[in-house]
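Have the sequence and the model at hand while reading.

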Amino acid sequence: MKILIIEDEALIQKSLTKLLQTKGHDVDATPSGKQAIKMILSTKYDRIICDLMLQDISGFDIIEESKKIFSQEEVSQKFIIITAYSSPQVLINAKKYNCRILNKPFEDMQEAIALFSS
Amino acid sequence: MIYLDSCVLESLSGSINLNFWGITTNKKKSQLLIQKKDEHYIFKYKLSGEHKTNIVLKKNFKKSLLLIEKIFLTANEKSSPPPLSLARFSQNKKFWSKSHSLRVLLSKIFINHHSLNSFLKKLFTVIELKSFQTIHLFLHEKGKAASRHIEVTRRRLEISKQSIQEFTQLLQAVKKSKNRSFGQSDLRSADFKIIGTCLAQDLALPTHNLVFVLSKDDFLAQGQSDIVFFKKLIGPLSFYLQLILANELSINNSNQCRLFLETIHSFSKGLTPSYENIDEFFLSNINDFLSNIQQVNFNVLDVNHQERMTLLGELLNTLKHELSNPLFGLQLTAELLLLEKSTSEQEEFIRNISHSIKRSQGIIKNFSKIYSINSHLEKIDLITLLHELFSLTKSETRTIKKNIFIHQKFITQKEETLYLFTNQTSLAQVLFNLLINSAQALNNDKESLSPEINIFISIKEHKVEIEFSDNGPGIKQNISQEIFQPFFTTKTSGTGLGLAISRNLIQKLNGKLDYIARDKGPTFLITLPYENSYY
């Protein structure tokens with residue numbers, strides 16, 4: 001799969017990238033939300049793993065922008081949100097886009113990786 | 001020259017708590033001396049063993065008197081009501097007139113008769129009042145809906161009620177007149193049961209309006225000497241009436257308070273109040289009752305604690321989120337490294353890193369448990385909680401052996417546990433506090449060779465008992481109850497609030513926290529409600 005990881009915590013970004021690469025996936029990564037939007041609009045990704053709290057914009061903004069090229073169903077299928085915050089607000093918004101959410105830190109690493117690869 | 005002292009205060013029985021100045025001719029007893037010299041007033045007083053002198057200008061007399069009153073108030077630390085201010089009388093020139101002996105006389109009467117009825121009766125002992133037969137006192141307590149009429153002769157005393165309109169009528173009639181002497185028709189005396197002619201004066205006191213009437217019960221005009229005397233009498237009389245009424249008021253108020261409290265107390269217990277033996281009830285229950293109110297509603301400690309907890313909770317939340325990402329990153333990286341080829345030594349290092357990271361994450365999670373702003377009840381695993389708390393205090397309790405027993409049986413983590421239905425945050429805070437206290441005591445006790453903390457858990461009837469003890473120096477018998485008082489501490493650091501707050505928290509869970517002697521040694525005992533049916 002062609003996967004995009006949008007995460008500004010360097011260690012998380014690098015290790016997730018490596019982990020998915022060892023599973024045989026083609027992985028791109030960026031810490032910047034704005035950069036991510038450009039990448040999404042120019043490259044066809046099967047999966048986008050997106051952190052909510054980024055330095056420049058929020059993960060939900062990225063999802064909004066990507067609606068330019070994705071249908072509702074594609075959005076809910078491709079995006080997986082990872083976040084340390086699990087406030088009700090976040091859950092409500094995620095429901096709006098119908099995306100999956102994974103809480104950081106992952107309870108089960110294998111399960112998480114499996115989810116990313118599905 | 002005026003001497004003032006608190007001799008009047010000393011003469012009163014202990015149950016009345018008044019604080020005011022009396023007048024004395026006895027220089028030795030006086031606490032305050034006021035001297036008039038030319039255009040100055042000199043205040044000389046003794047306070048906290050030191051002699052002080054203030055010289056003030058005539059125009060500043062009132063201010064100075066108020067100030068001195070304040071100074072004496074603070075020094076004496078007596079509770080309300082505050083001393084009646086002499087300043088109120090400083091403008092009443094009659095008071096400062098030469099009728100010193102009359103004041104002394106009245107003060108003597110007052111010392112021995114401080115209830116209104118007996119004071120009035122004793123007025124007849126004043127020689128100049130020899131020919132008078134009846135004293136009438138009409139009182140209206142400001143704000144009340146009715147007024148009183150006290151009629152006193154040498155032989156009897158009668159009290160009756162009066163409407164406000166009637167009282168006001170009388171008051172106005174007396175007030176308007178420039179004379180003090182009244183004929184029968186002037187005041188419509190018959191309406192007020194005043195027989196014949198009389199001398200009357202209206203008095204406006206801070207708490208009451210009064211009309212004081214002296215009558216010979218005949219129809220003759222008042223003699224000049226009587227009128228002169230009456231005018232002299234009014235000043236000091238007014239002073240003592242004010243004292244008496246203030247006292248009466250405060251007694252009434254405390255009775256009312258008593259009744260009020262009793263009613264609320266019965267109400268809170270679901271009983272209908274009975275008024276038998278109020279005094280006993282009052283004395284035995286008031287402490288209980290007040291501390292109940294305190295604990296349930298007005299506990300400043302509680303509010304303080306809540307605020308701190310909220311602040312800490314928010315702080316911890318922020319910390320948790322900030323640390324969460326870097327720790328996660330470290331965790332992922334460690335896992336990644338483990339997947340790669342490395343020497344067995346490197347692998348061990350990486351495993352240690354991973355372990356430390358998990359421990360850090362656990363610490364954050366567990367602290368969040370203690371400081372979460374959560375007040376709901378839930379089923380908690382007591383043994384797991386205890387172990388989590390042990391890990392939080394690892395550095396403090398490193399050298400201390402921690403033993404948990406359920407029903408006398410020694411427990412390690414994986415075996416048994418006990419489930420409780422209670423508030424996790426509160427219980428965690430209390431256990432954490434006990435742990436830290438124990439650890440600090442044990443660590444400071446240089447004589448202890450093998451320090452131990454023992455926790456015995458057992459279920460008795462519908463209660464679970466958690467006995468928390470250590471083999472440290474313990475707590476002395478004589479302070480075993482004081483330790484739960486706020487701000488009590490034997491340590492040089494810390495707030496002294498830990499045990500007070502802990503007890504408070506456990507009480508909120510419908511439990512008890514005590515320090516008692518048991519065969520295992522001195523023990524903190526936590527008792528909590530336990531229902532088997534929950535599980």
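The crossing of H2(A) and H3(A) is right-handed. This is a predicted model. In chain A, helix H2 spans residues 33-42 and helix H3 spans residues 59-66. Their axes come within 10 Å and cross at roughly 25°. Angles under 35 degrees count as roughly parallel, so H2(A) is roughly parallel to H3(A).

Which residues of H2(A) meet H3(A)? They are A:Gly33, A:Ala36, A:Ile37, A:Ile40 and A:Leu41. On the side of H3(A), the partners are A:Ile62, A:Glu65 and A:Ser66. By class, this contact has five nonpolar, two polar and one charged residues.

Helix H13 of chain B covers residues 424-444, and helix H14 of chain B covers residues 498-508. They pack at an angle of about 150°, with their axes 9 Å apart. Angles over 145 degrees count as roughly antiparallel, so that is how H13(B) and H14(B) run relative to each other. Their crossing is left-handed.

H13(B) brings B:Ser426, B:Leu427, B:Gln429, B:Val430, B:Asn433, B:Leu434 and B:Asn437 to the contact. H14(B) brings B:Gly498, B:Leu499, B:Ser502, B:Leu505 and B:Ile506. By class, the contact between H13(B) and H14(B) has six nonpolar, six polar and no charged residues.

The table sets out the two pairs.

| Helix pair | Angle between axes | Axis distance |
|---|---|---|
| H2(A) and H3(A) | roughly 25° | within 10 Å |
| H13(B) and H14(B) | about 150° | 9 Å |

Now for chain B as a whole. Its secondary structure comes to 14 helices and 19 strands. Chain B has 535 residues, and 43% of them count as buried. Its accessible surface comes to about 29,900 Å². Carbon and sulfur atoms account for 54% of that surface. Among contacts in chain B with a separation of 6 or more, 59% join residues 24 or more positions apart.

One residue deserves a look of its own. B:Ser458 lies in strand S16 of chain B, which runs over residues 452-460. Is B:Ser458 buried or exposed? Its relative accessible area is 10%. Buried means under 20%, so B:Ser458 is buried. Leaving aside neighbours within four places in sequence, B:Ser458 is in contact with B:His407, B:Lys463, B:Val464 and B:Glu465.

Technical notes
Residues are numbered from 1 along each chain as its sequence is written. Chains are lettered from A and ligands numbered from 1 in the order in which they are written. This is a predicted model: local features need pLDDT of at least 70, side-chain atom pairs count only at pLDDT 80 or more; totals for chains, interfaces and linings use all residues. Side-chain values use heavy atoms; hydrogens and water are left out. Helices (H or I, at least four residues) and strands (E, at least two) are DSSP runs, numbered from the N terminus. Buried means under 20% relative accessible area, exposed over 50%, partly exposed in between (1.4 Å probe, protein chains only). Contact means heavy atoms within 4.5 Å. Accessible areas come from the Shrake-Rupley method with a 1.4 Å probe; for residues, only the protein chains shown count as cover. Axes are lines fitted to C-alpha atoms, for helices over the stretch in contact, and angles run from 0 to 180 degrees between N-to-C directions. Angles under 35 degrees count as roughly parallel, over 145 as roughly antiparallel, 65 to 115 as roughly perpendicular and the rest as oblique. A crossing is left-handed if the near helix is turned anticlockwise from the far one by less than a right angle, and right-handed if clockwise. Ala, Val, Leu, Ile, Met, Phe, Trp, Tyr, Cys and Pro count as nonpolar, Asp, Glu, Lys and Arg as charged, and the others, Gly among them, as polar.
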